[in-house]
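Please look over the sequence and the model shown below before reading on.

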Amino acid sequence: MTERIGLYPGTFDPVTLGHADIIRRGAKLVDRLVVGVTTNSSKDPMFETEERIEMVRAEIARQGLGNVEVQGFNALLMKFAESLGATVIIRGLRAVADFEYEYQMAGMNQQLNAGIETVFLMADVSLQPIASKLVKEIALFGGDVAPFVSPAVREQIVARVARLGRRGNL
């Protein structure tokens with residue numbers, strides 16, 4: 001029997017409790033899960049790719065997930081998945097709005113390689129509102145992001161906001 005390899009791709013800027021939930025649950029579905037950290041040119045990253053890779057690695061270590069590894073990539077998702085020998089792409093869904101985009105992406109990816117399945121995991125109901133973009137916005141305007149990220153990630157966000165400067169006038 002061959003090893004079943006899954007890929008969970010994303011920007012993870014920053015990695016949230018929602019991401020950690022999908023990683024933990026996705027790791028149960030495959031023999032080996034690769035968390036692929038990439039940069040989406042349409043997003044304004046708070047952290048550099050290497051910083052995000054290390055952040056995700058630290059979160060995985062805290063969870064004790066022995067079958068999960070982290071790799072950065074800057075390529076077409078399906079080409080990266082093929083290079084890993086992945087047979088499953090894992091995607092997290094929070095809301096109906098996510099589904100429309102993810103459904104379209106899954107269809108396009110299937111056209112590129114029908115041998116790689118896309119599996120959607122619904123975020124835990126308590127984590128569904130969490131989005132990295134909103135976490136960054138809350139932090140930049142002086143809000144507390146503790147309910148949305150691990151303590152270690154919160155520390156990194158606070159340090160980055162201190163360096164970048166807070167926004168707003170209150």
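How many cavities of 30 Å³ or more does the structure hold? The structure holds one such cavity, where a cavity is, on a 1 Å grid over the protein atoms alone, a set of points where a 1.4 Å probe fits but cannot get out, while a pocket is an open set with protein on both sides within 12 Å along at least five of seven lines, and lining residues have an atom within 4 Å of a point. This is a predicted model, in which local features need pLDDT of at least 70 and side-chain atom pairs count only at pLDDT 80 or more, whereas totals for chains, interfaces and linings use all residues. Residues are numbered from 1 along each chain as its sequence is written, and side-chain values use heavy atoms, with hydrogens and water left out.

**Empty space**

Rolling a probe the size of a water molecule over the atoms shows where empty space is left. The largest cavity contains about 50 Å³ of space, a volume being the space filled by probe spheres set on the points, with grid points joined across faces, edges and corners. Its lining is made up of Thr11, Asp13, Thr38, Thr39, Asn40, Lys43, Asp44, Pro45, Arg52 and Lys136. By class, this lining has one nonpolar, four polar and five charged residues; here Ala, Val, Leu, Ile, Met, Phe, Trp, Tyr, Cys and Pro count as nonpolar, Asp, Glu, Lys and Arg as charged, and the others, Gly among them, as polar.

The largest pocket holds about 1,400 Å³ of space. Of the 49 residues that line this pocket, Gly10, Thr11, Asn40, Lys43 and Arg91 are the closest to its centre. The lining of the pocket divides into 23 nonpolar, 15 polar and 11 charged residues. Elements that each supply at least two residues of the lining are strand E1 (5-10), helix H1 (17-27), strand E4 (88-93), helix H4 (96-112) and helix H5 (132-140), and the largest share, seven residues, comes from H4.

**Overall build**

The chain has six helices and five strands, these being DSSP runs numbered from the N terminus, with helices (H or I) of at least four residues and strands (E) of at least two. From the N terminus on, the order of the elements is β-α-β-α-β-α-β-α-β-α-α. The C-alpha trace spans about 55 × 35 × 30 Å along its principal axes. The radius of gyration of the chain is 16 Å, which agrees with the value near 15 Å that a compact globule of 170 residues would have; this radius is taken over C-alpha atoms, and the globule rule is 2.2 Å times the number of residues to the power 0.38.

Of the 170 residues in the chain, 43% are buried, where buried means under 20% relative accessible area, exposed over 50%, and partly exposed in between (1.4 Å probe, protein chains only). Among the contacts with a separation of 6 or more, 78% join residues 24 or more positions apart, a contact being heavy atoms within 4.5 Å.

**Individual residues**

The loop between E1 and H1 contains Phe12, which has a positive phi of about 50° although it is not a glycine. Phe12 counts as buried because its relative accessible area is 1%. Pro14 lies in the loop between E1 and H1 as well, and a cis peptide bond, with omega about 0°, joins Asp13 and Pro14.

| Pair | Apart in sequence | C-alpha separation |
|---|---|---|
| Leu17 and Leu7 | 10 residues | 18 Å |
| Leu93 and Leu121 | 28 residues | 6.0 Å |
| Glu117 and Asp144 | 27 residues | 38 Å |

Leu17 has its place in helix H1 and counts as partly exposed because its relative accessibility is 28%. Not counting residues up to four places away in sequence, Leu17 touches Leu127, Ile130, Pro147, Phe148, Val149 and Ser150.

Leu93 belongs to strand E4 and is buried, with a relative accessible area of 5%. Neighbours within four places in sequence aside, the contacts of Leu93 include Phe120, Leu121 and Met122.

Glu117 is part of strand E5 (residues 117-122) and, at a relative accessible area of 46%, is partly exposed. With neighbours within four places in sequence again left aside, Glu117 is in contact with Thr87, Val88 and Ile89.
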